[in-house]
Amino acid sequence: MGAGASAADDINGPEIHQWYTKFMKECPSGQLSLYEFKTLLGLHGLNPEANTYVDQVFNTFDLNKDGFIDFLEFIAAINLVIRGKIDQKLKWYFKLYDADGNGSIDKKELLSIFAAIQAINGNQSMTPEEFTNMVFQKIDVNNDGELTLEEFINGVESDASLLELISKSFDLSNVLKVIQNGRRPEDSLKKPTILIYK
């Protein structure tokens with residue numbers, strides 16, 4: 001895991017203990033599988049686009065790529081959501097959009113992830129095609145049809161409206177509420193948790 005340990009350093013001892021208690025209550029094995037992640041958040045039975053997005057979120061948090069989210073990976077993710085600086089969050093967004101992990105985002109990847117987000121939350125103000133075209137028009141500096149990490153971070157940081165739109169699209173605060181409240185999906189008839197990031 002290693003890489004996420006420093007991210008957890010910003011959370012104090014009592015907070016870590018509280019999160020550990022909640023994590024172990026929901027996941028006694030200490031290893032959260034993709035199935036358990038989806039169960040915890042009430043995200044089974046999704047359409048293929050939404051399912052792909054949830055898988056990508058899970059894989060992004062699974063820093064050591066062992067197929068599980070352990071407590072250190074979990075606390076690093078919590079820290080990013082709660083206290084992450086904008087450049088840290090933008091790096092996370094980039095990893096999420098870069099579905100094939102090749103270090104760049106192409107239009108197909110961005111379109112696919114944004115369509116998946118819409119499939120889950122259903123209330124976006126523009127179509128995935130409009131969103132993708134707008135992002136590439138604004139920040140694909142060299143017009144090669146791919147966004148590097150540098151282009152993505154610089155472009156989004158320099159455009160307040162784009163930053164706000166992307167931030168609203170990935171608000172994961174609902175995920176934290178489910179975990180903090182210890183509410184399991186079968187405890188209520190509420191709609192599934194929306195995976196978007198603030």
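1. Helices α3 and α4 lie roughly perpendicular to each other (65 to 115 degrees between axes counts as roughly perpendicular). The angle is about 115 degrees, with the axes of α3 (residues 34-41) and α4 (residues 48-61) 10 Å apart. Axes are lines fitted to C-alpha atoms over the stretch in contact, and angles run from 0 to 180 degrees between N-to-C directions. From α3, Leu-34, Phe-37 and Lys-38 meet Asn-51, Val-54, Asp-55, Val-57 and Phe-58 of α4 (contact: heavy atoms within 4.5 Å). These residues divide into 5 nonpolar, 1 polar and 2 charged.

2. This is a predicted model, in which local features need pLDDT of at least 70, side-chain atom pairs count only at pLDDT 80 or more, and totals for chains, interfaces and linings use all residues. Residues are numbered from 1 along each chain as its sequence is written, and side-chain values use heavy atoms, with hydrogens and water left out.

3. The axes of α2 (residues 13-26) and α5 (residues 71-83) come within 11 Å and cross at roughly 120 degrees. α2 is therefore oblique to α5. On the α2 side, Glu-15, Ile-16, Trp-19, Tyr-20 and Phe-23 take part; the α5 residues they meet are Phe-71, Phe-74, Ile-75, Ile-78, Ile-82 and Arg-83.

4. Overall, the protein has 11 helices and 5 strands (DSSP runs of H or I, at least four residues, and of E, at least two). Of its 198 residues, 45% count as buried, meaning under 20% relative accessible area with a 1.4 Å probe, protein chains only.

Notes. Buried < 20%, exposed > 50% of the residue type's maximum accessible area, 1.4 Å probe, protein only. Parallel < 35°, antiparallel > 145°, perpendicular 65-115°, else oblique. Nonpolar A, V, L, I, M, F, W, Y, C, P; charged D, E, K, R; others polar.
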